[in-house]
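Selected residues are treated by topic.

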Amino acid sequence: MRVSVIGGSTIGPETAAVAEALGERLAERGHAVVCGGLGGVMAAVCRGARTADGETIGILPTDDRRDANPHVTTPIATGLGHARNALVVMNGDAAVAVDGAGGTLSEIGLALAQGRPVAGIDTHDVDGVEAVDSPTAAVTYVERAAGAD
């Protein structure tokens, strides 16, 4: 399945390590990563997925595919700015939120409104988001909730 990974665009090393481990776990289980294609959680999750030869899809806010982080295998330029957030969550069967601010909160809301299961690691406390404490727990939850286990 495809899993949308959403989170902060500016993160510290601990959050980067969590996102990287998440990407690796998703790829090891055969899932493609969908994200916003830029830095922070997006770059870290793609980096992790690529270490396990996973597919990474970056739905960019800009109109230039070259803006994608170097770990994106399929960059999609939109020119939509933050409006591309809807496309990020609509292209996943489930979502995992890691950290994040307002943009992440909007993506959580969009995912929930579309009936996507959402796991959260150190992110917003929102009804409908399954708080988990590790990348492995996040993958287990979204697989079960999306019916892919």
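**Core packing and selected residues**

Glu143 is buried, with a relative accessible area of 4%. The model is predicted.

**Glu143**
- Glu143 belongs to helix H5, which covers residues 135–146.
- Its relative accessible area of 4% is under the 20% limit, and Glu143 therefore counts as buried.
- A polar contact of 2.8 Å joins the side chains of Glu143 and Arg29.

**Nonpolar cores**
- The largest nonpolar core comprises 28 residues, and Val5, Leu22 and Val96 have the most contacts inside it.
- Two or more residues each are given to this core by strand E1 (2–7), H1, strand E2 (32–35), helix H2 (41–51), strand E5 (94–98), strand E6 (118–121) and H5.
- H2 supplies the largest share of this core, six residues.
- Another core, of 12 residues, lies apart from this one and includes Ile6, Val88, Val118 and Val129.
- Leu22 touches Val5, Val45, Val96, Val98, Pro135, Ala138 and Val139, when residues up to four places away in sequence are not counted.

**Val18**
- Val18 is located in helix H1, residues 13–28.
- Val18 has a relative accessible area of 25%, which lies between the 20% and 50% limits, so this residue is partly exposed.
- Leaving aside residues up to four places away in sequence, Val18 touches Val98, Ile121 and Pro135.
- The C-alpha atoms of Val18 and Ala44 are 8.4 Å apart in space, while the two residues are 26 residues apart in sequence.

How values were computed. Residues are numbered from 1 along each chain as its sequence is written. This is a predicted model: local features need pLDDT of at least 70, side-chain atom pairs count only at pLDDT 80 or more; totals for chains, interfaces and linings use all residues. Side-chain values use heavy atoms; hydrogens and water are left out. Helices (H or I, at least four residues) and strands (E, at least two) are DSSP runs, numbered from the N terminus. Buried means under 20% relative accessible area, exposed over 50%, partly exposed in between (1.4 Å probe, protein chains only). Contact means heavy atoms within 4.5 Å. A polar contact is a pair of N or O atoms within 3.5 Å; within protein, one must be able to donate a hydrogen and the other to accept it, and residues adjacent in sequence count only if both atoms are side-chain atoms. A nonpolar core is a set of buried Ala, Val, Leu, Ile, Met, Phe, Trp, Tyr and Cys residues joined through side-chain atoms within 4.5 Å.
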